[in-house]
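Hi everyone, thanks for coming. Have a look at the picture on the screen, and I'll walk you through a few places in it.

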Amino acid sequence: MGDKHFVCIIGSGNWATTIARNVGNNAARHQMLEPLVNMYVYEEYIDGRKLTDIINTTHINVKYMPDYVLPPNIIAVDDVVEAARDADILIFAIPPTFVSSCCRTLLGKVKPTAHAVSLIKGFERGDDGHIILISGIIMRQLKIPCSVLVGCNLAHEISNDNYCEGTIGCRDQKFFRVLPDIFKSDTFRVVVTDDADCVEICAALRNIIAFGAGCADGMELNENTKAGLIRRGFLEIIQFVDVFYPGSRMATFFEACGLSDLVTSCYANRNRKLAEAFVKTGQPLSELEHILIPGHEPLGPVTAEMVNIMLSNKGLEEKFPLFTTIYKICVGDAPLTRLIETLRFAREDIYHPTHIFQL
Amino acid sequence: MADKVNVCIVGSGNWGSAIAKIVGANAAALPEFEERVTMFVYEELIEGKKLTEIINETHENVKYLKGHKLPPNVVAVPDLVEAAKNADILIFVVPHQFIPNFCKQLLGKIKPNAIAISLIKGFDKAEGGGIDLISHIITRHLKIPCAVLMGANLANEVAEGNFCETTIGCNDKKYGKILRDLFQANHFRVVVVGDADAVEVCGALKNIVACGAGFVDGLKLGDNTKAAVIRLGLMEMIRFVDVFYPGSKLSTFFESCGVADLITTCYGGRNRRVSEAFVTSGKTIEELEKEMLNGQKLQGPPTAEEVNYMLKNKGLEDKFPLFTAIHKICTNQLKPKDLIDCIRNHPEHMETSIMPSPKL
């Protein structure tokens, strides 16, 4: 590794472009970072002009963020291998479905000492139906460590400079200090933890709870019931991580990736909106998702299904009553009213019984 | 305690009447309780008729919980001592400013082995400044143990029979079961924890955070910012309890009184609503209390003030930037938009990074 880290951003969508501004500004003045930052842009023609040319001359990604000026040290490159070849830090911000093919292209072409950071929301389905974390795919395919940045689910709020927080789950001590310096800004605070699995899985599991919260909204249950649901969901997320990713830390759930993300999703998220419509219209999910969230996969039902497979393989469905109920509601195996019954009858001692009296 | 446990509800407001529905039904159904539950009602005349008489005849508290029938075994009593003298469990659910006076009236007139449970959200100003918990005041005056019940519970929703959870904080294990049985209902789920102070303090501190959430809404800063305020608010609540009420448990914050109540209050409560208007209208808190709450007092700003006093005394204002900023905004020492600057360099961002914390 040279004296200064080369940074490369792989991706040029909404989220990639948003974060490119922070990365560009930080790289320009950070003593450990090379000022020029490559951004791999999938080449398209906009009004007869190449998108990379437009970005490199006007510094505006007219396709995805037309109102947003990038720093001039962000260089759009249309070839992923060329963009990534010299990079010490590879930031992945592409849709989850492209990760595998992108990694295959890059295999053997990146520095063996490079470090990846995944900003990708979502996960893949394993052959056994289990959740596979995106960072795991990148690590397995590229054979380099992969950290994750999670915690801001609304790109436009960062781009508007609203105050936001994010969490980095870092898999290499060497990058502990530099990673937050790459992403942060005055309005985007970033905290680093070494609890990377926990950070990433939190971001997936919250989709289930957001879907449940949307069902509660659709049923017009009151605020207290919804808060009870979020609380129970928070407990099941912690419990799930404890079972499937042992060694995680309690403190991680209190970071942005945990509580704040969960709350945001339960009040303002596509899954929530989808679930609300699902309840109110009675239409099947497959129809609604095309109308309400075109181009996006509804992560709630998918996550619920994979989590259910993982739980039933271990015979743990009953220990996770809320996850299980939400899954059953998604697939039509349980009536909506089961949601309240679950909150009502869920055993209280499934999680950390120490503080509860044996009555 | 006698063979059958006598219960008295001190208070007949909105929340008192809602809880009387549950308590009355449980007292009638469960063998361990005396069926007759007394409810102290501050006597008022409603269209020329005494409120106690209306309640005892129609079983409806027409003034504070119109449209809901109380169980017939709940008996309204206009005299405080009369209502409380035989009680083994005293449920306090009156505005907190009445508590010292009520306790004075009751001193020496109640059973010496009675226990109290406070449903009062709020606190009193300690002599010289700082927070005095209501349950502590009751215990100090009446020399009986006092538990607390707090949670994400809006009185009208509880009365409607909508599902809610709640937390009872009870330091003495042996009262846990009887208290849970008294309050538990199909739609009202009770968890008992042994951490009464933390439960009660949560009920007060969340109102400060709700003001912060309201400012964010007023400034139209969006959901991520609001979630950040809620998260940092919870961190400061935990830290505050750790400093001022040591020995509390982290798990208590996962109960309804903690996370759940905080979230509801930050999205639905009136502290949030008035704080939002504080930003958008530019009026003072007092003016807004008159306009929006019929002159009722908001709990967030005075709580922020007393908490600030306690923090200042220990030189800890810097460690609680959110609580501190909210207090300063309420008292016009800062502008609402400065809130973000104050939390941007929150110590949570500095200290939790890199520092390992215990594993699950």
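Let's begin with Asp88(B) and Lys111(B), whose side chains join in a salt bridge, with 3.0 Å from N to O. Please keep in mind that we are looking at a predicted model. Where do these two residues sit in chain B? Asp88(B) belongs to the loop between α3 (80–84) and β6 (89–92), while Lys111(B) belongs to the loop between α4 (99–106) and β7 (115–118), so the pair ties together parts that are 23 residues apart in sequence. If you are new to this, side chains of opposite charge can pair when their charged atoms come close. Over all chains, the structure holds 36 salt bridges.

Staying in chain B, find Ile46(B), which is part of strand β3 (residues 45–46). Which residues does Ile46(B) touch, once we set aside its neighbours within four places in sequence? The answer is Leu51(B), Ile54(B), Val62(B) and Lys63(B).

Now for some helices. In chain B, look at α8 (residues 196–218) and α9 (residues 223–244): their axes come within 9 Å and cross at roughly 155°. An angle over 145° counts as roughly antiparallel, and therefore α8(B) and α9(B) are roughly antiparallel to each other. The crossing of α8(B) past α9(B) is right-handed. Sorted by class, the residues of this contact come out as 12 nonpolar, three polar and three charged. On the α8(B) side they include Val201(B), Leu205(B) and Val209(B), and on the α9(B) side they include Val229(B), Ile230(B) and Phe240(B).

Over to chain A. Here α9 (residues 223–244) and α11(A) have axes that come within 11 Å and cross at roughly 140°. That angle makes α9(A) oblique to α11(A). This crossing is right-handed. Its contact residues are seven nonpolar, no polar and two charged. From α9(A), Glu223(A), Lys226(A), Ile230(A), Phe234(A) and Ile237(A) take part, and they meet Leu259(A), Leu262(A), Cys266(A) and Tyr267(A) of α11(A).

The crossing is right-handed. Who meets whom there? Leu259(A), Val263(A) and Tyr267(A) come up against Val259(B), Ile263(B) and Tyr267(B). What classes do the residues of this contact fall into? Six are nonpolar, with no polar and no charged ones.

Let's finish with the whole interface between the two chains. The size of an interface is often given as the accessible area lost when the parts come together. For chain A and chain B that comes to about 5,200 Å², with 62% of it on carbon and sulfur atoms. Chain A gives 55 residues to the contact and chain B gives 59. How many salt bridges cross the interface? There are four. Arg231(A) and Glu165(B) form a salt bridge, with their closest N and O atoms 2.9 Å apart.

That's my tour, and I'm happy to take questions!

Terms used. Residues are numbered from 1 along each chain as its sequence is written. Chains are lettered from A and ligands numbered from 1 in the order in which they are written. This is a predicted model: local features need pLDDT of at least 70, side-chain atom pairs count only at pLDDT 80 or more; totals for chains, interfaces and linings use all residues. Side-chain values use heavy atoms; hydrogens and water are left out. A crossing is left-handed if the near helix is turned anticlockwise from the far one by less than a right angle, and right-handed if clockwise. Helices (H or I, at least four residues) and strands (E, at least two) are DSSP runs, numbered from the N terminus. Contact means heavy atoms within 4.5 Å. Ala, Val, Leu, Ile, Met, Phe, Trp, Tyr, Cys and Pro count as nonpolar, Asp, Glu, Lys and Arg as charged, and the others, Gly among them, as polar. Buried area is the accessible area (1.4 Å probe) that two parts lose on being put together, summed over both. Axes are lines fitted to C-alpha atoms, for helices over the stretch in contact, and angles run from 0 to 180 degrees between N-to-C directions. Angles under 35 degrees count as roughly parallel, over 145 as roughly antiparallel, 65 to 115 as roughly perpendicular and the rest as oblique.
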